[in-house]
Amino acid sequence: MTTINPVTDLSRDGDIAIITLNSPPVNALSAQVRDGLAEAFRKAIADPDAKAIVLICDGRTFIAGADITEFGKPMTGISLLELEDIIENSTKPVIAAIHGTALGGGLEVALCANYRIAVPSARCGLPEVNIGLLPGAGGTQRLPRIVGPEMALDMVTSGRHVPAKQSHAMGLVDELAPEGGLRDAALAFARKIVAEKRPLKRVRDLNDKVEAARGKPEIFEQFRKANARKFRGFNAPEMNIRCIEAAVNLPFEEGLKAERANFRELFTGTQARAQQYAFFAERQVTRIPDIADDTQTIPIAKVGIIGAGTMGGGIAMNFANVGIPVKIVEAQQANLDRGLGVIRKNYDNTAKKGRMTADDVENRMGLLKGSLSLEDLADCDLVIEAVFENMDIKKDVFRKLDGIVKQGAILASNTSYLNVDEIAAVTKRPEFVIGLHFFSPANVMRLLEIVRGEKTSKPVVATALQVAKKIGKIGVVVGVCPGFVGNRMLAQRQREANKLVLEGAMPWDVDRVLYDFGFPMGPFQMSDLAGLDIGWSKEKSSSSTLREVLCEMDRRGQKTGAGFYDYDENRNHKPSPVTAKIIEDFRAKSGVNVRKISDEEILERCIYPMINEGAKILEEKKAIRSSDIDVVWLNGYGWPVYRGGPMFYGDTVGLGEVLGKMTAWRDVMGDAFEPSKLLERLVADGKGLKDLR
Ligand code: T1G
């Protein structure tokens with residue numbers, strides 16, 4: 001065996017050369033990896049005793065792409081395209097042996113090999129679109145030549161990881177190896193290729209599938225049309241589509257040039273930077289400075305949930321989905337039956353869509369046990385309270401749980417706003433109390449705000465992070481303050497949105513601006529969806545807010561067919577002349593000086609106070625990192641990922657701009673706009689939030 005460099009070895013097994021890569025964590029194509037592979041291939045190609053070459057990786061996965069940490073830095077070493085030329089022009093058959101994931105540049109390298117073999121658990125994909133890019137090393141030109149333009153369009157715009165069996169069926173993988181037997185199977189496959197004198201098949205030369213699509217622009221028109229809503233606001237999907245079009249309409253080398261030009265345009269754009277920032281931000285959230293990675297955690301084998309309402313039911317499904325039995329406690333049988341009924345309906349709907357089998361439904365329902373008694377939760381390892389958002393009710397529940405549930409179990413509250421320390425204080429085990437703030441629908445939304453109380457122990461926090469990963473959530477650790485991170489910042493936006501309507505904008509103006517910015521919907525449409533009467537009571541209503549006036553007129557949102565908007569029978573919303581009149585009357589009654597408000601002001605008034613509040617949250621250490629705040633907004637509040645998150649956006653527009661506007665508004669409209677001290681300091685130091693350590 002020859003050590004080419006610290007991450008690349010070259011050996012030979014009889015007449016087969018084996019290039020082994022080992023560059024943890026995911027064999028990304030760093031300069032060292034590219035140089036090592038290039039050298040190893042040159043040597044293997046020149047070795048007269050080697051009849052074929054197998055490329056295989058050690059560690060958890062085959063090459064998972066270009067090294068994203070090198071982006072934006074001066075490039076060193078051989079380029080990926082030069083490496084690919086060496087592989088593709090090998091005079092000996094090259095077999096890529098795939099386990100784990102062959103992604104991005106990793107799959108592109110494998111597509112330069114003559115053959116690919118994979119274990120069944122492997123997955124192949126070109127997920128560059130998820131980081132605002134496109135496969136820039138020939139993937140958009142080689143993939144459609146193997147799987148056809150339609151499948152290639154789906155793969156490069158969805159970024160999905162295709163399981164090996166499916167990859168084999170579509171010709172992307174030539175051979176499946178037994179699980180755990182990849183190396184031997186790859187050697188045997190290589191020997192078969194040599195013995196059968198199989199041709200040095202190069203993917204670039206396979207033109208049938210692309211030629212068959214030539215002169216059929218409808219393939220692309222229909223694809224664009226079918227995905228317009230999903231791709232809204234993103235630059236990368238369209239660029240990926242154009243590259244597949246180029247593969248169909250242009251000779252290979254011309255297609256490569258088009259790919260490179262589109263790649264460069266995306267690579268230098270802000271969207272790619274924002275999406276790469278989001279990629280790493282999501283991986284940072286599990287790093288808690290004062291909690292070591294090897295902190296002892298509490299095994300969670302049984303979970304109890306109090307409340308079978310929308311939140312309780314959704315939370316329960318997360319645990320049943322990963323095989324953890326759940327006891328759901330309700331006060332009344334009717335509520336329990338309704339709650340379990342909703343869960344079964346959700347599973348049945350998923351099964352109807354073919355995303356789970358009828359057996360899966362029964363297995364998961366089998367893990368859910370209903371109960372009318374808190375006593376039944378005594379042996380649970382984790383109990384999550386999801387009752388009405390009222391402090392007295394929650395305190396009462398925690399007092400009871402404290403006396404019932406076994407010592408060492410975690411008591412968690414799904415409160416979305418209340419003081420977790422105050423709840424913990426009614427128990428004798430505040431160190432085992434934590435907030436687990438799920439987002440509705442709890443079985444779908446990926447975000448979990450993990451609210452660390454003053455006394456919450458490190459093992460409990462570490463366990464919560466582990467549980468989050470187990471149930472497929474992104475757990476973000478936040479401190480105790482009203483509304484934690486997400487809702488606290490949302491309150492700033494909602495306040496300004498309501499004020500802008502009083503000052504002269506219409507609800508649909510505000511919604512349009514935030515929708516065009518990239519949010520799935522604006523605050524007023526969202527309020528109509530949730531219902532304007534949350535927390536409203538007819539008896540106490542006094543026409544003191546627009547919302548009250550609307551509720552008093554039975555315009556309580558989508559459910560009454562009218563709210564801020566009017567709704568047709570298909571629940572499509574449209575601006576309402578009735579609401580417009582209500583607003584004008586309300587302004588007149590309030591004596592407001594109505595003025596024309598620009599879209600720019602609407603956007604800034606809704607977003608900048610959020611950034612400012614985020615800075616206050618960091619000042620108060622209620623969030624560990626600026627990027628954690630962005631992960632909360634990306635995964636819980638529909639912030640468009642191609643803008644990175646509110647804090648990243650703050651750095652994009654410039655903190656000086658944000659501070660300038662906040663100060664000006666404070667001087668005119670008062671303390672609600674008081675700038676954060678941190679913001680002032682960073683601007684004074686000429687720094688950004690990204691510079692915070
Ligand atoms: N570059 C650098 N670091 C990477 C990386 C990459 N491509 N992929 C993962 N990591 C790090 C990650 O930050 C983490 O580090 C550790 O590996 C484990 O990752 C020319 C331009 C492979 C499915 O987009 O999807 O090729 O936090 O926690 O859940 O066309 O990582 O431990 O320090 O995610 O098991 C295209 C991105 C690149 C794949 C593993 N490739 N990676 O998931 O572990 S662009 C991708 C993933 C490209 C070419 C273009 C996942 C994974 P740390 P992890 P995981």
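Leaving aside neighbours within four places in sequence, with which residues is N612 in contact? They are M662, F673, E674, P675, S676 and L679, where contact means heavy atoms within 4.5 Å. The model is predicted: local features need pLDDT of at least 70, side-chain atom pairs count only at pLDDT 80 or more, and totals for chains, interfaces and linings use all residues. Residues are numbered from 1 along each chain as its sequence is written, and side-chain values use heavy atoms, with hydrogens and water left out.

- N612 belongs to helix α24; helices (H or I, at least four residues) and strands (E, at least two) are DSSP runs, numbered from the N terminus.
- N612 counts as buried because its relative accessible area is 1%; buried means under 20% relative accessible area, exposed over 50%, and partly exposed in between (1.4 Å probe, protein chains only).
- Between N612 and L659 the C-alpha to C-alpha distance is 8.0 Å, although the two are 47 residues apart in sequence.
- In helix α26 (residues 646-653), the buried residues are P646, M647, F648, Y649 and G650.
- The cover over these buried residues includes α12 (270-284), α19 (486-503), α20 (507-517), α24 (599-619), α25 (626-636) and α27 (655-669).
- After α26 comes G654, which has a positive phi near 100°.

**Ligand surroundings**

- The ligand is surrounded by 27 residues, of which the closest are A66, G105, E108, E128 and R283; a residue is near a molecule or strand if one of its heavy atoms lies within 4 Å of it.
- An N or O atom in the side chain of R283 lies 2.7 Å from an oxygen atom of the ligand. This pair falls under the term polar contact, a pair of N or O atoms within 3.5 Å; within protein, one must be able to donate a hydrogen and the other to accept it, and residues adjacent in sequence count only if both atoms are side-chain atoms.
- A polar backbone atom of I68 is 2.9 Å from a nitrogen atom of the ligand.
- For G136, a backbone N or O atom is 3.0 Å from an oxygen atom of the ligand.

**Pocket and cavity**

- Rolling a probe the size of a water molecule over the atoms shows where empty space is left.
- On a 1 Å grid over the protein atoms alone, a cavity is a set of points where a 1.4 Å probe fits but cannot get out, and a pocket is an open set with protein on both sides within 12 Å along at least five of seven lines; lining residues have an atom within 4 Å of a point.
- Grid points are joined across faces, edges and corners, and a volume is the space filled by probe spheres set on the points.
- The second largest pocket has a volume of about 370 Å³. Its lining holds 14 residues, and those closest to its centre are I68, F71, G72, R273 and Q276.
- Helix α12 supplies the largest share of the lining of the second largest pocket, with five residues.
- That lining has seven nonpolar, five polar and two charged residues; Ala, Val, Leu, Ile, Met, Phe, Trp, Tyr, Cys and Pro count as nonpolar, Asp, Glu, Lys and Arg as charged, and the others, Gly among them, as polar.
- The whole structure contains one cavity of 30 Å³ or more.
- The lining of the largest cavity consists of L382, I410, I434, L436, V460, T463, A464 and V467, with seven nonpolar, one polar and no charged residues.
- Helix α18 gives the most to this lining, with four residues.

**T415**

- T415 sits in the loop between β15 (410-413) and α17 (420-424), and counts as buried because its relative accessibility is 0%.
- The side chain of T415 reaches the backbone nitrogen of Y417 at 3.2 Å, and one of its polar atoms lies 2.8 Å from the backbone nitrogen of L418.
- Apart from neighbours within four places in sequence, T415 is in contact with E389, K394, V420, I423, H437 and F484.

**Backbone geometry**

- Most residues other than glycine have a negative phi, and most peptide bonds are trans.
- P24 and P25 are joined by a cis peptide bond with omega about 5°, and P25 lies in the loop between β3 (16-21) and α1 (31-46).
- Another cis peptide bond runs from S440 to P441, with omega near -5°.
- D554 has a positive phi near 60° and counts as partly exposed, because its relative accessibility is 40%.
- R571 also has a positive phi, near 60°, and is partly exposed at a relative accessible area of 48%.
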